[in-house]
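Here is a quick tour of a structure, written for someone who likes to see the cut-offs. Have a look at the sequence and the fold before reading on.

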Amino acid sequence: MKRFLLLLMVTLVSGGFLIAQNSGLDKDKEQAIQNLHGPTVVVPPGGGMGGLGVGDNCSDPIVITLPADLPYSDLSQTNCGRGNDYSNTCLSSYDGGEDIIYRLDVTADITVDISLDSKSTTWTGILIADDCPDVGTCLAHVGNAASTKSMNGVALTAAGSPYYIMVDTWPTPNCIPDFDLNITAAAPPPPGDNCATAIDLSAETSPYDGSTSSMNNDFSFCGMGSSNDFICYYDVEPNATIDIWMSSDTYDSKHSMRYGGSCPGSTEIDCVDDPDDGHITWTNTTGSLERVWYIVAGYSSYSGDFVLEWNYTAPPACPSVTGLDVDNISTTTARLAWNPVSGAVGYDWEVVPAGSPQGTGVVASGNVSDTTVVASGLTASTDYDVYVQNDCGSGYTGPVTFTTACSAATTFPIVEGFEGGVLPGCWSIENVTGSEDWTFEDGGHQGYYGGYPAHAYKGSFNALLYHPSSFSPAVTRLVSPPLDLSGATTPYLTFYHAQASWYGDQDELRVYYKTSLGGTWTLLPGAEWTGDIPDWQSEVFMLPNPSGDYYIAFEATGAYGYGVALDNVQIGYAAPVPLSDWAIYIGIFFILTFLVIGYKRKFA
């Protein structure tokens, strides 16, 4: 008996020594670490050797059936003595203490709020995962020094069941002697919190007092960041107009109006920043009913109260045509197109000389049930105005002005020196890259020390493509009028050009041709200049593959040089004799004349 008591005393003393080793520091030092840095001691792994039974690990968890057991409370529970079985989870430092495990068997989809009250114990953590915490993916987790913490709005499904909850600590403390766990059915989100609870403004009365303070974050577009957002909508009929504005707010707000597809809308109508009294207005011209979404949020993470107002204007009894446009323009025809009008039976259309009132000097007209029509009988190189109306008598929409294409030139040579100072008639500009256009100047770009070349080759103007950036060069074509070269055997092109470099920045020029309006541009053989040409230089080219609808394009690449300068362009049928050849011919003439005169003198 004495041996047994002695052995028991030795065991208790040595056990206390081991416990002291595991706790590492006395209480005062532990508290100092918590106050200054947070806990640092890690409880040794439990190895499944927890001593309290149910709840020790995933093999023998505390089982909760949802929603049958709601509201659920586990009061005055503890994880002390259960061991540290799971220390590699989403809780990070907060899974180093002893842990307790709950299993949630979900029989019907439900959203729950989970709260932990660790009472006097701080540095605690709680997680919920779709499997045992060491292998599962966390749905939610929280760990901090506060004694109370919660995970709200956790969505659980029967298909995803079971789920696991773990309560743990960042030791020290090594465990929680006394805590309460509560699980309740989550309250439904407030109206306007998300797309499912979005507010239908047509069922509300303007003005509407709202707040984003109790909302959640759903979207980050329009600079909304992580701020809470309020979501509402209005179903807008075809040709109706919705006007929404915020008359006041208490924070730095952001707003987006959108439509198309599902919430929050695929097409943004407008995005505005803190628009107190700023209206966003949209008329539905799509021809169908559209749900317009209006999202109220904040800059960055700001939230607060607001007052929202709106006005809805129903569609007129006879809506007007919108979206009138003209394309596919030829010398004698043009296609007119417009948006469909809901309920329209037909449309009246007219083409009149540009500047003439609707109905005056009508060149082409008609009534169609479709939203496109081809106007014919037009004159080449002529300006026209087009008008269209809903034939219920909405009143004409227009004018939209267009110019018919030029007829192919048949009189040669064509000489263009750009002396009008503007784009010559029937010439056109095509932007290949960027939006820089050819202009008409006297010489190259006029920098601080003047331009290169200093002046036009001839007269007062030349064409110039100048672009002030070498990082994003602009590529633009200057295109000739259509040319009828069908009867030409030796058509030619001559011109003068320059492209002075500017401290290493170099512009470039290429000349292309195509044999029909819809054809593909082809580089004229040898017509490519990529180096420094500081002064005017002449070029002569024979034009290959002549046709009755021929085009020439001067394609300039602007890269912050002095610009690509072009002047004295000439297009003709028979190739001119180059100046150097004329010199040869004149020299031969004088030599022959000298020989003839000498011969006559000798034998006179």
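Predicted model: local features only at pLDDT ≥ 70, side-chain atom pairs only at ≥ 80, totals over all residues.

Residues are numbered from 1 along each chain as its sequence is written, and side-chain values use heavy atoms, with hydrogens and water left out.

**The whole chain**

The protein chain has 3 helices and 36 strands; these are DSSP runs numbered from the N terminus, helices being H or I with at least four residues and strands E with at least two. Of its 604 residues, 44% count as buried, where buried means under 20% relative accessible area, exposed over 50% and partly exposed in between, with a 1.4 Å probe and protein chains only. The accessible surface comes to about 29100 Å², and 54% of that belongs to carbon and sulfur atoms; the areas come from the Shrake-Rupley method with a 1.4 Å probe, and for residues only the protein chains shown count as cover. Take the contacts (heavy atoms within 4.5 Å) between residues at least 6 apart in sequence: 74% join residues at least 24 apart.

**The cores**

A nonpolar core here is a set of buried Ala, Val, Leu, Ile, Met, Phe, Trp, Tyr and Cys residues joined through side-chain atoms within 4.5 Å. The largest one has 32 residues, and Leu 493, Phe 495 and Phe 554 have the most contacts inside it. Elements giving two or more residues to this core include strand 31 (492-499) and strand 35 (551-558), while strand 36 gives the most, with 4 residues. Apart from it lies another core, of 27 residues, with Tyr 102 and Phe 179 among them.

Strand 30 (residues 474-479) has 6 of its 6 residues buried. Ala 474, Thr 476 and Leu 478 cover one side, with Val 475, Arg 477 and Val 479 on the other. The table lists its pairings alongside one from elsewhere in the chain; two strands pair if DSSP finds at least two bridges between them.

| Strands | Sense | Bridges |
|---|---|---|
| Strand 27 and strand 30 | antiparallel | 5 bridges |
| Strand 30 and strand 35 | antiparallel | 6 bridges |
| Strand 5 and strand 6 | antiparallel | 6 bridges |

Thr 433 stands opposite Val 475 in strand 30, and Val 479 stands opposite Ala 553 in strand 35.

**Trp 438**

Is Trp 438 buried or exposed? Trp 438 counts as buried because its relative accessibility is 4%. Trp 438 sits in the loop between strand 27 and strand 28 (439-441). Leaving out residues up to four places away in sequence, Trp 438 touches Thr 476, Arg 477, Leu 478 and Phe 554, among others. Its C-alpha atom is separated by 7.4 Å from that of Thr 476, 38 residues apart along the chain, and the Trp 438 side chain reaches the backbone oxygen of Thr 476 at 3.3 Å.

Elsewhere, an open sheet of 5 strands has the order 1-3-8-5-6, with mixed pairing. Strand 1 (62-66) and strand 6 (138-144) are the edge strands, each pairing on one side only. Ile 128 has Ala 140 in strand 6 as its bridge partner.

Definitions and conventions:
Polar contact = N/O pair within 3.5 Å; in protein donor to acceptor, adjacent residues only side chain to side chain.
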